Structure formats: C-alpha cells, structure tokens
2 protein chains.
Amino acid sequence: MTEQGIHIEKIRREMQAAGADAFLVTSNANLYYAVGQVVAGYLYIPVEGAPMLFVRRPVGLDGEHTVYVRKPEQIAEIMAERGIPLPNSLMLEGDSLPHTEWLRYEAIFRPAGIMNGTPAIQRARSVKTEAELELIRCSGKLHAAVYRKIPELYRAGMTDLELSVEIEREMRRAGNLGIFRVFGQSMEIFMGSVLAGDNACEASPYDFALGGRGLHPSLPVGASNTILRRGMSLMVDMGGNFTGYMTDMTRAYSVGKLTEKAYRAHQTALEIQDMIAHAMRPGAVCEEIYNRSVEMATRSGLDGCYMGVRQQARFVGHGVGIEVNEPPVLGVRSRTGLEPGMVLAIEPKFVIEGTGAVGIENTFAVTTNGNEKLTVLEEGIIDLE
Amino acid sequence: MTEQGIHIEKIRREMQAAGADAFLVTSNANLYYAVGQVVAGYLYIPVEGAPMLFVRRPVGLDGEHTVYVRKPEQIAEIMAERGIPLPNSLMLEGDSLPHTEWLRYEAIFRPAGIMNGTPAIQRARSVKTEAELELIRCSGKLHAAVYRKIPELYRAGMTDLELSVEIEREMRRAGNLGIFRVFGQSMEIFMGSVLAGDNACEASPYDFALGGRGLHPSLPVGASNTILRRGMSLMVDMGGNFTGYMTDMTRAYSVGKLTEKAYRAHQTALEIQDMIAHAMRPGAVCEEIYNRSVEMATRSGLDGCYMGVRQQARFVGHGVGIEVNEPPVLGVRSRTGLEPGMVLAIEPKFVIEGTGAVGIENTFAVTTNGNEKLTVLEEGIIDLE
C-alpha cells in the first residue's frame, strides 16, 4: 500500500466509527496528507471503493481515479455517469471550511446526514506513520543544525529583528519552505519568533505559548525591534518546515549574565521537560501531564511567570505535523490519551520581568515504550557574548 | 472621526443597503480594518449606535465599548445586561468563517435573518481612504527600494532559491512584516516568488498569475532550486507588506541576452500596462480592460503564452490592500466598475518556453481622473551579468 493509501485507510477507520459513507477533503493540509501533494480540487473518499480526485489545477496530473473539473458541481454528474452512488452521510471539514463552501457541497451531494469531519481527520493525522516520523526526524535534524549557528549570527548592538532575519535566512538556505502552517484562521505568524528582554512580557492576541509586541498592529506577535542589551535573555522559537512536516524547537540565549532567578527558572523548565519526557508514554492523559507541570512551577515559586506573565498560556505542549497546532494539546481540559506515533512539541517556558523569556522546547515522538526526542541540541542558556 | 470610524461607516453603508441590523466581525484582516489592530475577539457593529469590541486576548485593552469575554456566548448576555437588543438580521463573514463557527454565532444571536457579509465588507475595503492610500504608498516606496538592490544580490551560479533568500532578507531588513496575507484558505505562498527559466512554465494549483514547481509537493509554487544560467529570464514577484497594507510588484531580469521573442513579449507587456493605465479610471469595467489586454496579446501573436503557457491565468490584475487578493479582479466575468480609491496590481506577463517569464507588475490607485502608480522603478529587463 502506498503511504497515501495508509493515510486514507486511517481516515476511513474514523469514518466507519462515526458512520460516514464518504468524506470530501478540500483543504490544502488535508489534501497534502491524503493525496501527497497540494492540488486545487476535491478528494472524494468513499468508505469503500477507490477514492476519486477531482482536480481544477494544476494541469498535467494523471491517474485512473483522477478527473478534471471546472467546478465542484460536476462531481455529482461524473459520479452518476460512473454509477457511483451519492453518499447518505457525508463528512466535510467543518472546522476549517468556510460556511458558504459547506453550503455549496451540501447542495451538490444532498446527503441525508452531513457531519463535521475535522475531528476525525485530525485524529487520523495525530498518529504518524513510520514514513511521516522519518520526515519529522529529517526536519528536526535540519532545524537543530540551523540553531547551532545562532551564536555565530549574533553581533553586539543588533536588534531582535536583525537577529531574526539572519536566522530566517539560514533556515531558508537549509531548505525551510518558509510557510508556518497553522490550523484555523485566527493564528498567524511569520516564520516564528525571537523574543528579547521584556518584549516577552507583551501579551499577544494569538494562541502561541508566548507573545511579543511584534512590529505592527496588523501582526502583533514576536520581535519588536528591541536592541539586544547586556542582561537580557533571548528566546528563539522558529518553525522547522523542511519536509512538509514541521518541528517546533526553542532555545534560550543571553547577552552576558542573567539574574539568578532566570537561571533557576531555566533549570526548572528543563526539569519540567524531563518530567514530561518521562511521563509521555502510551496511555498517559494530556491534562494530567500538564497539571503536573503546573505543580512543579508552583513548587518552585514560579507559577506567576509560567508560560507568560501578564497573559499565561494554559498548555505546555501541542501536537505537530503538517500543521504546527495539531491535536493533542497538553493542556487544561485535554483528556486525550497518548498513543505511539503521536508527535508533540513540549515547551515549558518562564517569563522573568526585567530579563526576558527562558525555557526550552523540543519535539518528541511517542513510541511504544516511551518517546524519542527529534530536535537534539545543547539545552542550556547560551551566552552570546 | 477616527480612521477606524470611517471604515466602520463604510461597512455600515453596505449593511444598510443589504438591510442588515448588525455585523459580527471576527477575522483578523477585517478586525485590523475595523479596529486598527488584530485582536482575538469579536467586533459587533450595529447599524446604529456604538460598535462593541468583545475581546478574549490580548489583556490590557481599554475603551468605553471594549468588554473582555472568555467565549462568544457571553456576548448575548452582556448585550442583554446593557439593554442592547439582539439583531433581527445579522451579517457574518460567510466566505471565510468556518462552518462550525458560523453555527455557533447563529446559536448565540438567533437572528430571524442571517446573511453572508463577506461581499459587503470586501466592497467597503475595496475603496481605500486617503490614510490607507498613504500606507500603500509607503509600502510601495519601500518595496521599490528593495527591488533596486536586486542586481547587487546576484552572484553567477546561484539558484533561484538562493537569490530569493537574499531578496527576502533585504525585504525583512527594510521592515517587511513577512506574512503574505491572502483571502481564503486555498492560496498559500511564502513571501512571493522568484521564477527562473522554464520553471515559469510549471503549473501550480494556486490562483496566482504564474506558477512554478516550488521546492516541495506540500507547497508547489515558486522557486524550484533552478541554477541561473545564461539565456534565462528571471521574474521576481514578492509581496510588499511593510505597513499592514500590501503592494504587489514584479520585475524581470536576465542572465545575459535573451531571445528576440522574449524582449518583444516584454515590450508587449509594457504596452498592455500602458493601455491599462490609460483605461483604468472611474467607471471603467474590469472585464472590458482585461479583454482588451487579451486582444493586444493576440495581435502580437503571443496569446498562447499570455499569463502562462500550460496553464493560463484568466486575469491581468487584482485589488490589493490588507490582503493581496482583494476585489476587484481585472479578469473574465468581472463586471465591477472602477471607483476612485480602488487599488489594483496590474500584471501583464508572458511565459516564453526555453527562456522563462517576462513582463511587469505595478500597483496603481484609481484617482478621480485617472490613476497613480505606487511602485515606481525602472521597468525594462535588467541584465544581471
């Protein structure tokens, strides 16, 4: 079976469990998952029988079950010509599909039942195959190799933005595709964030672990043109999209010495990471792991600055894959049990007012008997001076 | 009146025309338009009375009509407490709002009538105010200043990607926010594209003017790691997002001499641009201008490679603003009449097999008696050798 065939079987198991006859997949991330490339088109997955790819663009694709269409209304006609019955119950990507498109597909298929298929396909995607894990491993190695160069990119007196631009350049030269794929329409960021000093305290509208004021009210997150000064910490948190599958990774740096509290907080973050790495095995419940991380922060007297100060994120990890914010979430109200093949970014962080952010982030794969770290690099605070 | 007050009045005129009592604005681009910054929240615009901003994040906003909420269900309660009636007819952003969110807001407000407000707010946004034009002018100047440096960034033997990375770096150093805001979930690209040689012939799934194979099937558009060789043309088409308002601009370059046909096609593209610049004034109909551009390409015997070869785009221009693909479109079936304040990117291009893409793109504002070019820079093919 091809890799995409395996993905489609995983989707079908979810469809069967929910009683769906068919799934019409139309979003770029899900088409990449199920077809192996982004197309402008519609993948029709019946619960049994061959999936059909109805394509608008690009020209030049072939395949026994690939049919060119100008508009989705042709799909029903073509299915009728081929003697394929219309589905009784149809899944659509309800959590991402714009409402007017949902209505359009509903009018085309007129199913007796129509279901939001987003949770089903997200569950299928959350457990990676060996081939997907290999793509994420590859992203992780390239990601770490770029971070290894960060100390060489630093120049005294530069701003957070200037350092970010040099890291972005190294990322791109190493093959990072650049786009930071996020699920949902509300989160947006460029390639990631570099937070220096008290800019890490600035609250952002987005659901990232930390904020930053950003450069402009149209994109209020990340670097803010802060000059890097002695005594500041600097947190680099960029997406590693080298293979269509992303890794997420954060390292902390300092300009000269930081306060004792900052080093202590960083050490606590490393200990929380160790606790999570130990706890993160099949069957473990996400929320319970998160709660234990909060307890550790509290015992260290650092709960007031855990995952932010003025605004605190209520999670410490999140699934990654084709998109950077996949399920499961290691956070409040997340009762998901971990399974082998799940890939999560774990990011315990603290924000110390007057210093900046410290802490760590690595991407891990859950294995049958524990987990595997996919972003391997020195984890201490590196002094850039 | 504040700038955002003017924007809200423009939205209200569209609401009145459609008979809507209220508009709940939730997308980042529209919140930036109506609030002046991106927030995680909901702007409730009644057709009369003060708009109310219900915010989840960031912390720290204030204002007489700003109220913090944890979830949108609180909006109806708060309105009831303040004696604000629920709307009879409500507009939501139906062309971008995910279906499940649409249902959620519908359940909260239970309006007798519910309408897709996307066309209304897009129409409001398509005619820019003087302050918005000034932001676009500013983006255009910075955009052109970066392009002026392109010949210095070229090194013999480099790839399209390597040159792209150096241009991206200059863009970022000049203050480009990086993100390329597009409307809709189907189009995605990094900062723009650099197309070298026959990579310009490669069809892409996306609805951009030209394609390119890209670096990976998860993002099949743009540079493809093509080594720049003598006789190739090179087309640089990056987004200029310096001010929250974007400019779009393309210039063509060559490595040494190109074929006679390539220069002739470039000259035809400049003539098409001149024709459009002359025709693009208040009252002109978009489709008619596009059709005249096709006629000019046909008269030059270049219709087979106008706006692509294997796959041809059926437009020659598009609105730009907060997003890069705003109405109106200068293309087939676009009966919109131009109005003063509309801003359009005009991009006549040809793809010459064996050479690459040639042509031009500039961003223009429609004025009361003609138009103004906002991206001013040498327009001939620049030889990088």
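Two strands count as paired if DSSP finds at least two bridges between them; strands (E, at least two residues) and helices (H or I, at least four) are DSSP runs numbered from the N terminus.

On that basis, chain A holds an open sheet of 5 strands in the order β11-β10-β12-β15-β16, with antiparallel pairing. Its edge strands, each pairing on one side only, are β11(A) (326–331) and β16(A) (370–373). Ignoring direction, neighbouring strands of this sheet are turned by 30 degrees against each other on average. Helix α10(A) (residues 286–299) packs on the sheet and touches β10(A) (315–319) and β11(A); its direction makes about 40 degrees with that of β11(A). Contact here means C-beta atoms, placed from the backbone, within 7 Å. Axes are lines fitted to C-alpha atoms, for helices over the stretch in contact, and angles run from 0 to 180 degrees between N-to-C directions.

The model is predicted: local features need pLDDT of at least 70, side-chain atom pairs count only at pLDDT 80 or more, and totals for chains, interfaces and linings use all residues. Residues are numbered from 1 along each chain as its sequence is written, and chains are lettered from A and ligands numbered from 1 in the order in which they are written.

| Strand pair | Bridges | A bridge partner pair |
|---|---|---|
| β13(A) and β14(A) | 4 bridges | Phe350(A) and Val358(A) |
| β15(A) and β16(A) | 4 bridges | Val366(A) and Asn371(A) |

β13(A) and β14(A) form a hairpin with 3 residues between them, and Gly354(A) in the turn has a positive phi of about 90 degrees. In β13(A), Lys349(A) and Val351(A) on one side and Phe350(A) and Ile352(A) on the other are all buried (20 or more other C-beta atoms within 10 Å of the residue's own, placed from the backbone; exposed is 12 or fewer, partly exposed in between).

How values were computed. Contact = placed C-beta atoms within 7 Å.
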